[in-house]
Amino acid sequence: MAVNDLVIILVMTFPMYLFSIFPGIKASEYLEKKYGISESKKRAVMVGGTFLFALMLSSLLYYV
């Protein structure tokens, strides 16, 4: 993987946030109900899940 590919994938991640906010919210709500996590951990899961899902979508879009 070249550096140019990585930069393109990271740039494409930002528009993918529109499609990945809802799954991040649902994942954090599920973990809050199932395991009773605190509000700060819920927010961290929401942000991390949103970023990882957006990164996955952009890499799939780039390579497929």
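Residues count as buried under 20% relative accessible area, as exposed over 50%, and as partly exposed in between (1.4 Å probe, protein chains only). The model is predicted: local features need pLDDT of at least 70, side-chain atom pairs count only at pLDDT 80 or more, and totals for chains, interfaces and linings use all residues. Residues are numbered from 1 along each chain as its sequence is written, and side-chain values use heavy atoms, with hydrogens and water left out.

Salt bridges were assigned by distance. A salt bridge is a side-chain nitrogen of Lys or Arg within 4 Å of a carboxyl oxygen of Asp or Glu. By this rule, the count is 3 salt bridges. Helices are DSSP runs (H or I, at least four residues), numbered from the N terminus.

K26 is partly exposed, because its relative accessibility is 43%. E29 is also partly exposed, with a relative accessible area of 29%.

A salt bridge also joins K42 to E32, with the closest N and O atoms 3.0 Å apart. This pair links distant parts of the chain. K42 belongs to helix α2 (residues 39-63), E32 belongs to helix α1, and 10 residues separate them. K42 has a relative accessibility of 13%, so K42 counts as buried. E32, at 31% relative accessible area, is partly exposed.

Within helix α2, R43 and E39 sit 4 residues apart, about one turn of the helix. Their side chains meet in a salt bridge at 3.7 Å, N to O. R43 counts as exposed, because its relative accessibility is 52%. E39 is partly exposed, with a relative accessible area of 39%.

The surface also carries a nonpolar patch. Patches are made of residues with over 30% relative accessible area and no salt bridge; like charges are joined within 9 Å, and nonpolar side chains (Val, Leu, Ile, Met, Phe, Trp, Tyr) within 5 Å. The patch is formed by M1, L6, L10, F51, L52, M56, L60, Y63 and V64. Together these residues have about 950 Å² of accessible area, computed by the Shrake-Rupley method with a 1.4 Å probe, where only the protein chains shown count as cover for residues. Helices α1 and α2 are the elements that give two or more residues to the patch. The largest share, 5 residues, comes from α2. L6 lies in helix α1. L6 is partly exposed, with a relative accessible area of 40%.
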